[in-house]
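Q: I would like to learn how to read the features of a structural model one at a time. Could you take me through it, giving the general idea before each case?

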Amino acid sequence: MTGYIIRRLLQFIPVVIAATLIVYGLVFLMPGDPIRALAGDRPMSDAVRETLREQYNLDDPFLLQYGKYIWGVFTAGDFGTTFQGRPVSDIIQQRLPVTLTLAAVTFVIQGIIGIAAGVLSAIFRDRFIDRLVQVSTVVVVALPVLAIAFVLQLIFGLNLGWFPIAGTREGLYSYILPGFAMAAVSTAMIARLLRGELIEALQSDYVRTATAKGMRRSRVITRHGLRNSMIPIVTFMGADLASMIGGSIVVESIFNLPGLGEQVYRSIQAQEGTVVVGIVTLFVLAFVVINLIVDLLYAVLDPRIRYD
Amino acid sequence: MTTTTHPAGTEQEGYDASAPLLEVDDLHVEFRTKAGVARAVNGLNFTLNAGETLAILGESGSGKSVTAQTIMGILDMPPGHIAGGEIRYRGKNLFDMPEEQRRRLRGVNISMIFQDALSALNPVLPVGFQIAEMFRVHRGFKRKQAREEAVKLMQKVGIPAAEKRVGDYPHQFSGGMRQRIMIAMAIALDPDVLIADEPTTALDVTVQAQVMRLLKELQTENNMGLILITHDLGVVADVADKIAVMYAGRVMEAADVFEIYAKPGHPYTKGLLESLPRIDAEGERLNAIPGLPPALTNIPPGCPFSPRCPYSTELCRTDRPELLPVAEGHVSACHYREEIYSGELKPREEAQA
Amino acid sequence: MTETNRPDIQTAPQEPEASGPEASQAEASLWADAWRSLRTNPWFIISAVLLLILITMALFPQLFTNENPRECYLSRSRLEPSAEHWFGTDIQGCDYYARVIYGARNSVAIGVVVSIGVFIISLVLGLLAGYFRGWIDAVISRITDLIFALPFILGALVFLNVIESRGVTEVAGVLIVFMWPTMTRLMRGSVLSVVNVEYVTAARALGAGHLTIMRRHILPNSLGPVMAYTAILTGIVIGAEATLTYLGVGLQLPAISWGLQLSDAQRYITQLPHLTVFPLIAVGLTVFAFMSLGDAIRDAIDPKSKKR
């Protein structure tokens, strides 16, 4: 097992390096001189400019700049500093809780609603509730996050006024609409996936055995049917957690949540290269780690899989 | 009212201790599909007494597994549908019982072993958990106590190092060991009736014999009624007391095991016996029964075996023969049962030749 | 034991097995079957009708409105929907109905261009990777891994931000860069599933060249899932374009685009919600139409997926 983890981590290294290198290169290519942008309209002496260029390694060749940066990230957790002199890790620390809260709310929503809908749909197969789940998931899966976010904001935020439409002033309550917007598509996919898996499991021989053992229907469904059907669901939810990173940019922007997604979007527009690189590096690392955890979780859930 | 033990508990719920253990009376089971109604079981009758082994013999599609599932109450409904008849356990009709009462019979009084233990055992739960579950659900045992019982059962069915292996998963066992675990699970609560659906078909020949021996021992020890469902005449001979031969959802012939081997009273049974490889007939071609069983959606009006029967006449094609006695404790559903039984009748081709 | 005596566990009535006609006939009937199941699928009908309207809208917007979307008068700014202006007017006093109608062209154009581009790339790369395996496969798989590690929206955001002047071509180009890996993997998977089938081995043994085998045997049998996904992808692309444009890194004014409309409207979402509602409906319906068309095609080609 340990060997497997180490091998996987080693495999990830080139991916992490290449992905961050691309982003670093693109930010490097961003139009405009960052030092001049920093100075704004004020005049700046050549001496000051030189010092700044040195401080940010701007005169080094590109690959050396990148090398110094990534070395700092892995050895000292140093994600660089903004040109205003503020450490990027500071910004990350300040913004991370918002994004994590949003991710957690999303995860809970899609877990509860997706699984409940999938189970009901499978148990009451071809009845009204199943048809309802089927139709609504077909529609939701086929909508872009952008549209869902706006629809929720318009209906439940503006029209009905049940939830705040922007900011985090009302604490966890402010995360409900954004959470639903982020969760909607995945919830529908979980419901559809679980329905198929559970229907298959309920027709399997081992579920028939459980019934023949005199187990109650509820126990047959949860202990024997669901236990097996949840394996692909957990994998899906894990992989989806990684893809939430992209969704968070859109949703945090629409609902004006001060998280990492909204920060990276603003920094791109404000051409704060170091912030963009810092946050993207963090995202890529998170993606890699989540994927590894999902793989390991898979082995825990399905004893037939062994990584030797 | 809760039943945790029997037979004390079973008496309370209106069971008749003097009645036969299990009676199947004119059972009809159909499958309603888009392609039409498939009549899987058509008026099946048999009786099983305590301590008795009844072998139900038949080809694929003869309705033997459907019968087993109907007794257990694990038939998929729909498309399955019980179209008539009764199954009585100790005199009480299973079909009249509320579902909760039937559930409490399953695994406790009537238990079942499936053919393919690998797919019949839950792949993601340890075998010990799956055995212990019987005690936890039906007896209300605590986790640890149930686990101890599971280890004991595993030892009883001959699994080496049971204590070490109780936490292992089904895929970590060999085919024979898996089937032993299946058996341990089925006999955990000392059932009166044990249904074994092709228990050895998926196993190697040497392992087959061991598993059959184990089943026989357990049956004798607990005085169980054992229903052995198989297509293999060879498996049956050593173990069974009675044999019922099924074809197209009906019993074609039923008799004592020695009687049926010595003097079959139905052309179908005769055909099955002749298709067995024999040591003393080396080099001869095996006599397979020509043709295929009828489609269950379209069973011929007369004797269902008539299209394949070498003895069939016009009468066989129009009139369905009843299951009638040919000798003491020996019944056959053939118009010419007497002649077959005494060996007088010749197949048509030979007669014409 | 003789053959006739050999039973199996099958107890339910068996459906008569399909008689085995020749391969080409089977193929023809496969597509005929697919078409038959499509015609009876209500989702297919709904999405086909929607797409027909949408494509007409993109090609001939004049059929739907006499107003010129670029004729704007500040004197009629911010009007609510009325008989004269069905969708009201925007801040500049442009007829909003005309602007939403004319917005279809850019969305559909980007969707179609990207899908065709991704389809061609995936076909070639998937075929090469799946057919030749070895180092070609390794290289292509590593590159797809790399692009997967960058969250799509984030990558596109950084990429597009570098390009100063962005039209349909630029946006479509960047979207292709990020969209090809998924379909390439799909194509590779379906090639792998047919590459070792006996008739391919037989063709190889008979001395058929790689190109012939790919063209005659592999391609026709692995195209189904990719074609269904192309329709789904078109939907995803249109949603992504609207999202990126909304975030300010997609199309730029004076282009007429739903994403730009949404982006402008957000500042007025509390006062003038209709400015958000109409382009939102347009984006939603368009994405939905393409995606459910793809779903319907997939179900028709692969009946096994239907239970999902």
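A: As a general idea, two packed helices are described by the angle between their axes and the distance between the axes.

Q: Which residues in H5(C) and H6(C) meet?

A: On the side of H5(C), the residues are C:Phe152, C:Gly155, C:Ala156, C:Phe159 and C:Leu160, and in H6(C) they meet C:Val171, C:Val174, C:Leu175 and C:Phe178. Divided by class, the residues of this contact of H5(C) with H6(C) are 8 nonpolar, 1 polar and no charged.

Q: How many residues does the contact take from chain C and from chain A?

A: In general, the size of an interface is often given as the accessible area lost when the parts come together. Here the description is by residues instead, and the contact takes 37 residues from chain C and 40 residues from chain A. On the side of chain C that touches chain A, the elements that give two or more residues are helix H4 (134–149), H5, helix H8 (210–246) and helix H10 (274–301) of chain C. H10(C) gives the largest share of that side, 10 residues, and by class the side has 23 nonpolar, 9 polar and 5 charged residues.

Q: How many residues of chain B are in contact with chain A?

A: There are 23 residues of chain B in contact with 17 residues of chain A. Helix H3 (99–105), helix H4 (117–120) and helix H5 (127–138) of chain B each supply at least two residues of the side that touches chain A, and H5(B) gives the most, with 4 residues.

Q: In what order do the strands of the open sheet in chain B run?

A: Strands of a sheet pair through backbone hydrogen bonds, either parallel or antiparallel. In chain B, 8 strands form an open sheet in the order S6-S7-S8-S3-S9-S10-S12-S11, and the pairing is mixed. Strand S6 (110–113) and S11 of chain B stand at the edges, each with a single partner strand, so one side of each is left without a neighbour in the sheet.

Q: How do S11(B) and S12(B) pair?

A: Strand S11 (residues 324–327) of chain B and strand S12 (residues 330–332) of chain B pair in the antiparallel sense over 3 bridges, and the bridge partner of B:Pro325 in S12(B) is B:Val331. The two strands form a hairpin with 2 residues between them, and B:Gly329 in the turn has a positive phi of about 70°.

Q: Which elements of chain A have the lowest and the highest mean pLDDT?

A: Where pLDDT is low, the predicted coordinates should not be read in detail. Among the elements of chain A, helix H2 (residues 34–39) has the lowest mean pLDDT (55) and helix H9 (residues 205–212) the highest (91).

Terms used
Residues numbered from 1 in each chain as written. Chains lettered and ligands numbered in written order. Predicted model: local features only at pLDDT ≥ 70, side-chain atom pairs only at ≥ 80, totals over all residues. Contact = placed C-beta atoms within 7 Å. Nonpolar A, V, L, I, M, F, W, Y, C, P; charged D, E, K, R; others polar. pLDDT = per-residue confidence, 0-100. Pairing = 2+ DSSP bridges.
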